[in-house]
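The report below walks through a two-chain model for a reader who has the sequence and coordinates at hand. It moves from one chain as a whole to single elements, and then to the contact between the chains.

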Amino acid sequence: MEVYQLDDLTQLQQHLLVQHQLYQVIKNDDEQCAWQQQTKEANEPLIAMLPQSSAKNFFFAEHESLLIFNGDYFQETLPTPEPFVLFGVLSCDLTAISYQDKFFQDDPYYQARRKQCLLVGLDCIQPCQQGFCPTVDAGPGVRQHNADIILHPLANQQWLLITTNDKGAEAIKGLALTTSHWHLLTQRDLTLRQCEQDFPDHSYIINGIDKLNSGEIKDSFWQQLAVQCLGCSGCTTLCPTCSCYSTRSISVESEQNKVIKQERFWDSCLYESFQREASFHNPSSEAGKRVQRFWQHKFGNEFFTTFNRHGCVGCGRCEQTCPGVIGVHSVMKRITNDA
Amino acid sequence: MSASLIKTTCPFCGVGCGMYLKVNQHGQLLSVEPQQSHPISQGKLCDKGWSTAYAIDSYQRITQPLKRINKSFYPISWHEALTTIADELTAIIDESGSNTVGIISSARASNEDNYAAQKFARAVLKTNNIDHCARICHSPTVAGLKQSLGSGAMTNSAKDIFQTDLILVIGADPTENHSILGGHIMQAHAQGTELIVVDPRVTRLAKLTPMHLQLKLGSNIALINALLHVIIKEQWFDENFVKSRCQGFEQLVKHVKAITPESVESVTGVDAELIRATARAYSQAERAMIFYGMGITQYVSGTNNVISLANLALSCGHIGKAGTGVNPLRGQNNVQGACDMGCLPNVYPGYQAVAELVNQEKFSKAWGTEVAQPPGLTSLGMTKAAQSGDFRALLLFGEDPVVTDPDQNHVQSSLKNLDLLVVAELTMTETAKLADIILPAVSFAEKDGTFTNCERRVQKVNQALAPLAEAKGDWQWLQALAKQMGSQALNWQNSEEVFNEMASLTPAYQAMTYQKIADKSGLQWPCTKETPDGTAILHQQSFPIGKARFICVNQVDIDEPIDENYPLLLTTNRLHFHYGCGSMTRKSPLLERETPPGILFINPDDAKALHITHQAPVSVKSRRGYVETRAMLSDDVPIGIVAMPYHFKEAPSNQLTNTAQDPVTKMPELKACAVVVTALAKGIAPKTIQQLQEAQ
């Protein structure tokens, strides 16, 4: 780990742009934040704002071709992206990428994109509206193993730059940087600790997790809760750790030939048909069962054991997008109070 | 990966949620994202909205004009398509007159497209034969509320859901059909707003409240008159409001005097005490809102049902204030706009009556040509006249009446009987299959324009993609066709010019511009010189007709009750996965996977008696038709009632539905008809209607 002080962020952006495509979270006129490609000509200032869509689709594409069959043989269609950098990923989303790295460990499509990516993390020094990352050990400070480079805002528009591994060190080679005093790391810790303290009381989430794992919650509770699940797929689409997908064959006819394309696309475990078998047998035909399964995946001990952490990274996107008002805050409050 | 985000309005349902289309550097639509700052949807979408990219995907789209020769379609050029249509239309008009041609426009298309369609009909074809699917959703709302209040639109706004003390949902299933508003209602209820649901089925909202009035099909007026009886008897009405703002209360008092809750118990199936409790809750609430849908309008009594709801709101003074009102939930993304644009045979844009000479002169002058004078035909009137050969040519876009209109066999044979049927569509539909010429239409993502949502909010639709192949916008091909027919009446450079012309002739839209609509996140009409920022709540000071009218209405029983041969009542419903005829939503592999292609909801007790198991193949037969489908056993439908969604062309409920009509609006009674259900041999897939018809 190396620690530097950086006076001008543009220098770093420009440096990385030489060998990478660079993406950054940009806020538009309607305050909507989204990942956008940056060019050498125009560098937007770095903002610590949660984009509505996490970075997961940079690796796990919303739709992608897996293979094509041209009548004679099958051909794998692995993506071949140029090297790219995600500049300023917040800690919750970085934790989610690390989580998905495990899930997609043996997935060549995911890994083909993932290995081309340099992750530049950005510490949050203020709580965000729906976030509760400290409660689930996912922020607000970037965890060392989750990014190649970490940026931490200092006073006077200066930045602390931390390289956490060889990939990060390699990426900044040639950039004129001042090695930082170690006391600035202490300053960082203090700032992050203060930020953690500024979060509202989220003890109901901790209580909810305990109760969820106690086996005490009755089926009737989940059934009542699930009346409000409209099966919209918003939560699973925006959740940075959700990874369910399905596949389909599409025949593409042109004048020259006809090929069959196998396409993979995002799915949602909250659809009734997600687990339905051809015989119509369905282990989760009841909405209550599906909603329970979703939260069990996010907070259940059995998944904690596999992934060494919760499946939830505390970003709060589900609360914002759920039309049925059963996002994480609402559900955890109801589990704590009513279940 | 990274993509440009283009802001637009969701193309499904009348809520009009804000969404961004994510377009990659190759100009391909990747997916959508909800708009967080949108005044209604605030970062939420339903399953239909999330699946938008599938709905308009280039896969399976019609990409060039097609001409039918016998049973096959062959590609032709736009030039050939337009000359063929123009020549045939001219020949038919010359031979049989303008009243034998007409247009069915689309509640899915933009205001600009709809304005162009009615102008094309009136100024080029010289006929008032112009209609659209509002005929079979909210025409009774337009007619009913116009009589009672003077304006046939939602009186209040979506945001009022969070400013009210009580929400009465009657004959509507908002969590399925207007999911985001349904979600708002759930949220408000969770925060303490009282919720009363009146519905024959146990809807999702009904499961959340103890106040569920599970009335019998078609007993709305009896129930509402009984509510009025209690409110008047207990002196719970708003005396001040009734005196100062309404007329005709004395007659209403007399009219409902004998209609006690007990007297309607058998007709409605609702316990008298529950009726009293509802009357008390609604009338005594500080602010109370009514939401209603097709369970009110799709009856032979549709217009009177709407009027009785207006009576209820007026008597309690629950109108003209925040958190109150009579609020129809409009079905399609732009059904409000298509009505506002005058795509109705009896009104010009802005509901200016066709029958009035002054309006005829206004539009003749504005359009620089004599407009048609004789009254026009409704959509069902056109199909009926086609049957007898009195109607010969139809232009139709963005609708699939073969699937969505009542009595499918009648619609199909009528359309086949036409000399010329032109259909503009995104993908091949059951109606398009009957066309002589099919025109490739652009989707909402490929056009600029505006949609008007159910709370009268006019919102921008912004072009995100280039038109697919040779596809054209509706006003653009209508313009090209007008030119081909020698008319310069449709002469615009872009959609903004269409909008500006429309706004100059439509009083409620007069102060709207594209820029203002974009700046204000939409504008709610009326938006005039006096109300330049639009109007969130109608009728605050007075009604367009001065004083609102109480109109006495009587219970009208459903047209086709059960009997020995047809012992079950069929009602229609919708699933949140699908939109209308399913031509868009069924392109999503996820939504399509959710149900078999066609289902019948049946109570487990009825199923048991008929030896029907879950997902088993069944036949459903009415006096008009026969379909095969799969049974879904569900306690959500009461004993004696079965329910079918109408999204599926394989098992269309409209093979079965009744054509008996509301006398005022010609709205067919889609919500109730008698059927017989029989179990089919197990293990055999239900035959689609197409297979059944071929076998004949």
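A residue is called buried here if 20 or more other C-beta atoms lie within 10 Å of its own, and exposed if 12 or fewer do, with C-beta atoms placed from the backbone. The model is predicted, and its local features are described only where pLDDT is at least 70.

**A covered helix in chain B**

By that criterion helix H5 of chain B, residues 139-148, is mostly covered, since 8 of its 10 residues are buried. The buried residues of H5(B) are B:Ser139, B:Pro140, B:Thr141, B:Val142, B:Ala143, B:Gly144, B:Leu145 and B:Ser148. The cover over these residues comes from several parts of chain B, including helix H13 (294-297), helix H14 (302-315) and helix H15 (335-340), together with strand E13 (326-328) and strand E22 (548-549). Just after H5(B), the backbone at B:Gly150 adopts a positive phi of about 100 degrees.

**Chain B as a whole**

Chain B contains 25 helices and 28 strands. Its radius of gyration is 24 Å, close to the 26 Å that the globule rule gives for 696 residues, so chain B is as compact as a globular protein of that length. The C-alpha trace of chain B spans about 70 × 65 × 60 Å along its principal axes, and 62% of the 696 residues of the chain count as buried. Among the contacts in chain B with a separation of 6 or more, 74% are between residues 24 or more positions apart.

**A sheet and a helix pair in chain B**

One sheet of chain B is open and has 3 strands in the order E1-E2-E3, with antiparallel pairing. Its edge strands are E1 (4-9) and E3 (29-34), each of which pairs on one side only. Neighbouring strands of this sheet are turned against each other by 30 degrees on average, direction ignored. Strand E2 of chain B, residues 18-23, pairs with E3(B) in the antiparallel sense over 5 bridges, and B:Tyr20 has B:Glu33 as its bridge partner in E3(B).

Two packed helices are described by the angle between their axes and the distance between the axes. For helix H4 (residues 111-125) and helix H21 (residues 495-505) of chain B, the axes come within 9 Å and cross at roughly 65 degrees, and the crossing of H4(B) and H21(B) is left-handed. H4(B) brings B:Asn111, B:Glu112, B:Tyr115 and B:Ala116 to the contact, while H21(B) brings B:Ser495, B:Val498, B:Phe499 and B:Met502. The residues of this contact between H4(B) and H21(B) divide into 5 nonpolar, 2 polar and 1 charged.

**A covered strand in chain A**

In chain A, strand E9 (residues 159-163) is mostly covered, with 5 of its 5 residues buried. A:Trp159, A:Leu161 and A:Thr163 point one way from E9(A), whereas A:Leu160 and A:Ile162 point the other way, and all are buried.

| Strand pair | Sense | Bridges | A bridge pair |
|---|---|---|---|
| E1(A) and E9(A) | antiparallel | 5 bridges | A:Val3 and A:Ile162 |
| E8(A) and E9(A) | antiparallel | 5 bridges | A:Leu151 and A:Leu161 |
| E2(B) and E3(B) | antiparallel | 5 bridges | B:Tyr20 and B:Glu33 |

E8(A) and E9(A) form a hairpin with 5 residues between them, and A:Asn156 in the turn has a positive phi of about 60 degrees. A:Gln144 counts as exposed because it has 12 C-beta neighbours inside 10 Å. From A:Gln144 to A:Val25 the separation is 119 residues in sequence and 21 Å in space, C-alpha to C-alpha.

**The contact between the chains**

The contact between the chains takes 35 residues from chain A and 35 residues from chain B. On the side of chain A that touches chain B, strand E3 (33-38), helix H8 (234-238), strand E11 (245-253) and helix H11 (317-321) each supply at least two residues. E3(A) gives the most to this side of chain A, with 4 residues. By class, the residues on the side of chain A that touches chain B divide into 12 nonpolar, 17 polar and 6 charged.

Note on methods. Residues are numbered from 1 along each chain as its sequence is written. Chains are lettered from A and ligands numbered from 1 in the order in which they are written. This is a predicted model: local features need pLDDT of at least 70, side-chain atom pairs count only at pLDDT 80 or more; totals for chains, interfaces and linings use all residues. Two strands pair if DSSP finds at least two bridges between them. Axes are lines fitted to C-alpha atoms, for helices over the stretch in contact, and angles run from 0 to 180 degrees between N-to-C directions. Two residues are in contact if their C-beta atoms, placed from the backbone, lie within 7 Å. Ala, Val, Leu, Ile, Met, Phe, Trp, Tyr, Cys and Pro count as nonpolar, Asp, Glu, Lys and Arg as charged, and the others, Gly among them, as polar. A crossing is left-handed if the near helix is turned anticlockwise from the far one by less than a right angle, and right-handed if clockwise. The radius of gyration is taken over C-alpha atoms; the globule rule is 2.2 Å times the number of residues to the power 0.38.
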